[in-house]
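Hi,

Here is the structure I promised to pass on. Have a look at it first, and then read my notes below.

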Amino acid sequence: MELLSLLNSPVLYLICGGIIFFVAVICLVFAVRAYRMGKALGIDTAKMKRVITASATFAVLPSVGILLGVIALSGSLGTPWPWLRLSVIGALHYETQVAEAASEAVGIGRLSISNMTPEAFVTIALLMSFCIMWGMIFVTIHGKAYTKKLSGQTEKKPGTDSGKKKKKLNLKGFGDTAMTAMFIGLVSAYIASYIGTIISGNGRFTFSGSWLPLATAAVSAIAMEVFLRIKKTGHADWVDSFSVAGSMLLAMTAAVFLGKLL
Amino acid sequence: MENKEMLQNAEELKNSEAYRKYLNMTHRLGRISTVLVLILLLSAPYMIGLFLHAVPNLPAAAKAFLGVGIVYLVSCVAEYLIYVPMLGAGGSYLAFITGNLINMKIPCAINARDIVGVKSGTPENEIISTLSIATSSLVTIAVLAVGVLLMIPLQPVLQSPELQPAFENVVPALFGAMACKYYRQDMKISLIVLCAMTLLFILVPSLIGSTSMMVIPSGALAIILAYLSFRKGQKGEGK
């Protein structure tokens with residue numbers, strides 16, 4: 001608990017808040033430059049204002065969903081670090097998985113404040129920063145050449161697709177399938193470990209391991225199913241902004257009660 | 001006729017000196033900003049370490065990276081290749097700095113493009129995407145800042161021992177939701193991989209403590225099965 005107080009100390013708020021402020025300034029600079037260039041290019045300012053208003057209103061709901069993610073992680077990592085990670089670069093599902101993997105690797109077992117040490121926290125924090133920076137690196141090194149190439153491609157006349165290009169599109173189809181498969185593999189490894197914990201967690205076939213992680217995962221899956229049904233039957237696309245964080249928070253609440261029962 | 005004029009206009013704008021200067025400056029600013037943010041993000045754990053009197057355990061970080069980080073390396077490459085064409089230069093730099101691409105930035109930019117009716121690769125798309133992503137990022141930053149401020153008085157409640165089972169089960173809560181989302185996309189592969197991994201953990205319980213490393217064989221098995229299914233589908237289409 002003492003470590004959690006340190007992780008919520010003003011020094012951490014200052015470090016994380018400073019970086020977030022810097023990113024906000026970058027966004028502001030890019031927005032002002034784009035707006036001025038848009039005016040110079042003769043783009044209707046009313047259109048640009050409409051884009052700003054629409055984007056601002058569009059972002060409110062997902063942002064509240066992201067805030068729920070900060071709350072979900074605040075019990076194990078304090079508030080400032082998840083605040084930074086989810087304001088800049090990160091996403092809830094990524095942050096949680098990487099934090100869990102780092103917890104295991106550093107030897108504290110599952111991600112939990114009761115097992116956390118200062119060394120484990122800074123290792124987790126470093127890994128969270130490191131694992132997802134590739135998009136930033138690619139865009140820095142190759143972004144200019146890539147966008148120029150793409151800009152050139154749009155000038156090609158339609159109807160000139162070669163057989164080679166068609167073959168590439170087929171492979172792209174597999175790219176999407178492979179990404180889904182990779183996430184199925186990732187999720188399966190963890191769900192299987194919860195089942196394995198129950199059956200062999202305290203020795204092979206002892207059936208005395210904790211049920212709580214699997215029960216929590218099951219509640220979360222049911223909650224997600226409900227969210228997806230609401231989305232489908234009510235044509236409520238806004239549900240997407242809350243489905244993951246909402247399912248997690250419901251399952252975490254259930255864990256408090258299930259913990260007393262199981 | 002109108003379309004032809006629009007295309008000609010877009011081509012003129014694309015080749016204008018002012019726009020070319022703007023794009024070059026966008027890349028320069030984007031690169032500098034990205035590198036600075038990268039330095040800040042990587043140095044933050046060390047700054048926090050100074051305060052906590054701890055340093056990151058690099059061998060442990062490397063081990064965890066091999067398990068889960070590789071998955072995200074592949075994911076980042078795919079995101080980069082797919083989303084940069086949609087976002088343009090300015091939008092891409094901002095989107096990769098601020099994150100939350102799939103759940104917010106991409107739908108937001110597409111929504112903005114639909115409102116104005118612009119096409120990829122045009123100067124209008126560059127401007128609209130940048131405006132849209134910058135605005136949505138600023139809104140997220142503001143909402144989170146207000147939310148975090150409001151959370152400060154709630155800290156004693158969040159730290160109470162009664163709530164600890166909730167925070168100790170953040171990860172199972174995440175994977176339950178994700179399982180529901182991804183398993184429905186291919187139930188057959190999901191079941192096979194889940195059964196295989198469960199059997200492995202039951203028979204070799206020592207692997208439970210290294211679940212993040214077991215993501216590699218689990219992911220590989222899922223991809224192999226997906227590839228076989230994909231090939232089968234393609235052959236079926238070819239007949």
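A quick word on terms before the notes: the domain bounds used here come from an automatic or database domain assignment. Also keep in mind that this is a predicted model.

Let's start with chain B. It splits into domain 1 (16-149) and domain 2 (161-231). Going by C-alpha atoms, the centres of domain 1 of chain B and domain 2 of chain B are 28 Å apart. Where these two touch, domain 1 of chain B puts in four residues and domain 2 of chain B puts in five residues. On the domain 1 side of that contact in chain B, three residues are nonpolar, one is polar and none is charged.

Now for the contact between the chains. Chain A brings 144 residues to it and chain B brings 139 residues. On chain A's side, helix α8 (residues 163-200) gives the most, with 25 residues. That side of chain A has 96 nonpolar, 39 polar and nine charged residues.

Last, take a look at helix α6 (residues 118-131) of chain A. How many of the 14 residues of α6(A) are buried? Twelve, so to speak a mostly covered helix. Among the buried ones are F121(A), I124(A), M128(A) and C131(A). What covers the buried residues of α6(A) includes α1 (2-7), α4 (80-87) and α5 (92-106) of chain A, along with α2 (17-52) and α3 (58-98) of chain B.

Cheers

Notes. Residues are numbered from 1 along each chain as its sequence is written. Chains are lettered from A and ligands numbered from 1 in the order in which they are written. This is a predicted model: local features need pLDDT of at least 70, side-chain atom pairs count only at pLDDT 80 or more; totals for chains, interfaces and linings use all residues. Two residues are in contact if their C-beta atoms, placed from the backbone, lie within 7 Å. Ala, Val, Leu, Ile, Met, Phe, Trp, Tyr, Cys and Pro count as nonpolar, Asp, Glu, Lys and Arg as charged, and the others, Gly among them, as polar. A residue is buried if 20 or more other C-beta atoms lie within 10 Å of its own, exposed if 12 or fewer, and partly exposed in between; C-beta atoms are placed from the backbone. Helices (H or I, at least four residues) and strands (E, at least two) are DSSP runs, numbered from the N terminus.
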